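Biologist: Before we discuss anything, could you put the model on the screen and show me how to read it, feature by feature?

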Amino acid sequence: QSLYAHELSHSWFGNLITCHNAEEMWINEGFARYSEALILEALYPDQFASSMRNLHLSVLKNAHHDDGGYYALNAVPQNVTYGTTSYDKGAIVVHTLRNYLGDSLFFTGIKSLLTQYAFQNISSDSLFSYISRVTGVPLMEFYEGWVNQPGFLHFSIDSIRIIPSTTNQYRVYIRQRLHQATNYSNNNRIDLTFFSSNRAEYTIPNFEFSGQYGTAEVTIPFQPIFGVVDYHEKMADAIIDYNLAIATTGTKNFSDAGLSITVNNITDSILLRTEHNLVAPDPLQNQNPDIYRISDSHYWRIEYAGSETFQGYLQLRYYAGLPTQLDYNLMQGYNADDLVLLYRRDASEEWRIIPFTRTGTLYSGNLRTNVIFPGEFTIGVGNSEIVINEEENEQMTIHPNPASGHIMVTISPSINKITKIELLDTN
């Protein structure tokens, strides 16, 4: 069925209009590949979102391996003209364009394009220039960010801060990063979704900003405990994320994101969000003699809303055996015993080493931490001997240890004695 959809769609993309150069084959094959998804959306609408999600995931994991590198959609080498970049990355960028414009303008613009350029060839920049004119939406910055450069864009929320002397008014700090791309995109349109402690959800659509940083002043009808960019997955960005409702104990594997979570104790259901961000984390704000090097390629983020009692452990996967793997550069000149696990709540904090245990070799393995802490995690190399084993028993856990800025103390409701907690500095 998908084959029929794809090949029939070439009646429009490839036959009625065609790409100006072989290097721009995404105009033929990317639109045809996306037409498969449109047929799926029409016939089996409940499968459309998961289909696009799986395609996005596949592109992030495989396109550069399949085609031998990261390429701009309008400059794919002729030896991989009919490769994963032209077909699959082309399709997810068409999906991104659809959500950027909205359905009405997108489909109107594409139909007009097919009429205007019938039985002609067209270049990528001419395509976007024409759709800009007929829709009234400037798209050349979209073209520069998503088509005219290799790699992928990445968007995140650095932090959320209440505006003093206001009620429900917040300042949201937004960041754009690059995954194998060369230039920051302008005129970005992103959805911002916020969550309360009881899992209430509120979305602000189409926030616009340009460049590396943006600031949104927004009204949110509750106190947000975290925020997410593109929660409903409208963009082909450089992130592998999962949103999962959890109400039972057990292990939840997010293998494509390189992590797993084991829940040992939960009293009510939670909304759990996990992210594998395929961009370099922020560097250290200040030199730390115990942290020698920090990952230059990826970091994770964990957030959850719901149950007040949510205990277990988190395992993060590292791969350093091949030059194409994410942690290869990090490990050059070091061995597995030099690995450290780093944590911070958000961009307002400094990275710090937290307690962990490691299994595996220099080339691959897992880092495990015994408390599922909301915030950001990444891998570094440093002085792992400074890590202090955290004190744990059935009634209380204290984490992280050592700590800087804040700690989390989890006390069992069954605790039956007065307890004193002492905080000591390194002296």
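**Reading backbone, sheets and helices**

Modeller: Let us begin with a loop: Asn187 is placed in the loop between strand S4 (169-179) and S5, and please keep in mind throughout that this is a predicted model.

Biologist: What is the value of phi at Asn187, and is it positive or negative?

Modeller: The general idea is that most residues other than glycine have a negative phi. In this structure Asn187 has a phi near 55 degrees, which is a positive value in a residue other than glycine, and with a relative accessibility of 31% Asn187 counts as partly exposed.

Biologist: Which strand holds Asn206, and what is its phi?

Modeller: Asn206 lies in strand S6, its phi is near 55 degrees, again a positive value in a residue other than glycine, and its relative accessible area of 41% makes Asn206 partly exposed. A further positive phi, near 75 degrees, is taken by Arg199 in the hairpin of S5 and S6, which has 5 residues between the strands.

Biologist: What is the strand order in the open sheet of 5 strands?

Modeller: That open sheet runs S10-S11-S15-S19-S18, with antiparallel pairing; the edge strands are strand S10 (250-254) and strand S18 (357-360), each pairing on one side only, and the twist averages 20 degrees from one strand to the next. Within this order, strand S11 (residues 259-266) and strand S15 (residues 310-319) pair in the antiparallel sense over 7 bridges, and Ile266 stands opposite Phe310 in S15.

Biologist: Turning to helices, at what angle do H2 and H4 pack, and how far apart are their axes?

Modeller: Two packed helices are described by the angle between their axes and the distance between the axes. Helix H2 (residues 26-43) and helix H4 (residues 84-101) pack at about 65 degrees, with axes 7 Å apart, and their crossing is right-handed. The residues in contact include Trp26, Gly30 and Tyr34 of H2 and Gly90, Ala91 and Val94 of H4, and the contact residues divide into 7 nonpolar, 4 polar and 5 charged.

Biologist: Why can H2 be called largely enclosed?

Modeller: Since 13 of the 18 residues of H2 are buried, H2 is largely enclosed by the rest of the structure. As a check on its length, the 18 residues of H2 should span 26 Å at 1.5 Å a residue, and the end C-alpha atoms are 25 Å apart, which agrees.

Biologist: Is Ser132 buried or exposed?

Modeller: Buried means under 20% relative accessible area, and Ser132, which lies in helix H6 (residues 124-135), has 13%, so Ser132 is buried. Leaving out residues up to four places away in sequence, Ser132 touches Val137, Pro138, Leu139 and Met140.

Methods. Residues are numbered from 1 along each chain as its sequence is written. This is a predicted model: local features need pLDDT of at least 70, side-chain atom pairs count only at pLDDT 80 or more; totals for chains, interfaces and linings use all residues. Side-chain values use heavy atoms; hydrogens and water are left out. Axes are lines fitted to C-alpha atoms, for helices over the stretch in contact, and angles run from 0 to 180 degrees between N-to-C directions. Helices (H or I, at least four residues) and strands (E, at least two) are DSSP runs, numbered from the N terminus. A crossing is left-handed if the near helix is turned anticlockwise from the far one by less than a right angle, and right-handed if clockwise. Contact means heavy atoms within 4.5 Å. Ala, Val, Leu, Ile, Met, Phe, Trp, Tyr, Cys and Pro count as nonpolar, Asp, Glu, Lys and Arg as charged, and the others, Gly among them, as polar. The expected span of a helix is 1.5 Å times one less than its number of residues. Buried means under 20% relative accessible area, exposed over 50%, partly exposed in between (1.4 Å probe, protein chains only). Two strands pair if DSSP finds at least two bridges between them.
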